[in-house]
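Here is a short exchange on one protein chain. Have the model open while you read.

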Amino acid sequence: ITCETSGSSSVTAMKKVVQQLRLEAGLNRVKVSQAAADLKQFCLQNAQHDPLQTGVSSSTNPFRPQKVCSFL
């Protein structure tokens, strides 16, 4: 590898980094406090449909223990 080739690839890599940084700098940011408030509101609005909060009825639960049938 010659010095010229190494320098060229370094410049190309730096151009990619600058391009990525410009892209990230242009993104719209949301404050953490606003994101947390939005998340809380979403959770409260959808709480009645959340099986972790409301539970799952035993008739629709695919993970319920199977009943054992035995013949005497």
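The questions below move from confidence to single residues.

Reader: What is the mean pLDDT of the protein chain?
Author: The model is predicted. In the protein chain, 90% of residues reach a pLDDT of 70 or more. The mean for the chain is 85.

Reader: Which element has the highest mean pLDDT?
Author: Helix α3, residues 51-54, has the lowest mean among the elements, at 82. The highest mean is 96. That value belongs to α2.

Reader: Is Ser-33 buried or exposed?
Author: Ser-33 sits in helix α2, which spans residues 32-45. Its relative accessible area is 55%. The cut-off for exposed is over 50%. Ser-33 is therefore exposed.

Reader: How many Å apart in space are Ser-33 and Gly-7, C-alpha to C-alpha?
Author: In sequence, 26 residues separate Ser-33 and Gly-7. In space, their C-alpha atoms are apart by 45 Å.

Reader: Which residues form a nonpolar patch on the surface?
Author: One member is Val-17, in helix α1, residues 3-25. Val-17 is partly exposed, with a relative accessible area of 41%. A patch residue needs over 30%. Together the patch residues have about 290 Å² of accessible area, and they are Met-14, Val-17 and Leu-21.

Reader: Which residues is Arg-64 in contact with, leaving aside neighbours within four places in sequence?
Author: Arg-64 lies in the segment after α3. Arg-64 is partly exposed, at 38% relative accessible area. With neighbours within four places in sequence left aside, its contacts are Ser-58 and Ser-59.

Notes. Residues numbered from 1 in each chain as written. Predicted model: local features only at pLDDT ≥ 70, side-chain atom pairs only at ≥ 80, totals over all residues. Heavy atoms only, no water. Helix = DSSP H or I, 4+ residues; strand = E, 2+ residues; numbered from the N terminus. Buried < 20%, exposed > 50% of the residue type's maximum accessible area, 1.4 Å probe, protein only. pLDDT = per-residue confidence, 0-100. Patch = residues over 30% accessible without salt bridge, like charges linked within 9 Å, V, L, I, M, F, W, Y side chains within 5 Å. Areas by Shrake-Rupley, 256 points an atom, 1.4 Å probe, with all protein chains shown as cover. Salt bridge = Lys/Arg side-chain N within 4 Å of Asp/Glu carboxyl O. Contact = heavy atoms within 4.5 Å.
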